[in-house]
Amino acid sequence: MAISFDAALGIHDDALMYRARRAEVLANNIANADTPNFKARDIEFAEALEHVSTKMNVKQVATAAGHKTELLEPDLAADMMFRIPNQASVDGNTVEVQQEMARYTENALDYQTSFHFLNKKFTGLKSAIKGE
């Protein structure tokens, strides 16, 4: 019987890749904090979720009247990729270093969590193969 890694790992490998990519984007924001006219960017979670949901044929279900049944429209999602600063900079830079560092730290913790879940999946597969 063949093991399907997509079924065995679930969404955890995609979550790990999303967190790694987001870390790159946030680190780039921090690195360009003093660059005039640099616009802070972020990866939209809803867009990443839609990509994974489409790949895995997962349908969203509204469980309450206030829930939306669709994710963001593609045109709107593209516009939301740039962050709007709380306090605009004189030189046009939209990076707020303290907030970016907080987001980076939160993302790092989420990365560790995703890595832990993925590691547990592999440990379970290894135990199943060994017959333990």
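Asn29 lies in helix 2, which spans residues 12-31; helices here are DSSP runs of H or I with at least four residues, strands are runs of E with at least two, and both are numbered from the N terminus. This is a predicted model, in which local features need pLDDT of at least 70 and side-chain atom pairs count only at pLDDT 80 or more, while totals for chains, interfaces and linings use all residues. Residues are numbered from 1 along each chain as its sequence is written, and side-chain values use heavy atoms, with hydrogens and water left out.

**Overall architecture**

- The protein chain has 5 helices and 0 strands, and along the sequence the pattern reads α-α-α-α-α.
- Of the 132 residues in the protein chain, 25% are buried, where buried means under 20% relative accessible area, exposed means over 50% and partly exposed lies in between (1.4 Å probe, protein chains only).
- The accessible surface of the chain comes to about 9,600 Å², with 58% of that area belonging to carbon and sulfur atoms; the areas come from the Shrake-Rupley method with a 1.4 Å probe, and for residues only the protein chains shown count as cover.
- Among contacts (heavy atoms within 4.5 Å) between residues at least 6 apart in sequence, 74% join residues at least 24 apart.

- Asn29 counts as buried because its relative accessibility is 1%.
- When neighbours within four places in sequence are left aside, Asn29 is in contact with Phe38, Lys39, Ala40, Arg41, Arg83, Val95 and Glu100.

**The loop between helix 2 and helix 3**

- Asp34 is placed in the loop between helix 2 and helix 3, and Asp34 counts as exposed because its relative accessible area is 70%.
- Beyond its neighbours within four places in sequence, Asp34 is in contact with Asp91 and Asn93; Asp34 and Asp91 are 57 residues apart in sequence, with a C-alpha to C-alpha separation of 9.0 Å.
- Asn37 is also placed in the loop between helix 2 and helix 3 (45-55), has a positive phi of about 65° although it is not a glycine, and is exposed at 53% relative accessibility.

**Confidence**

- The mean pLDDT (the predictor's confidence in each residue, from 0 to 100) is 78 for the protein chain, and 67% of its residues reach 70 or more.
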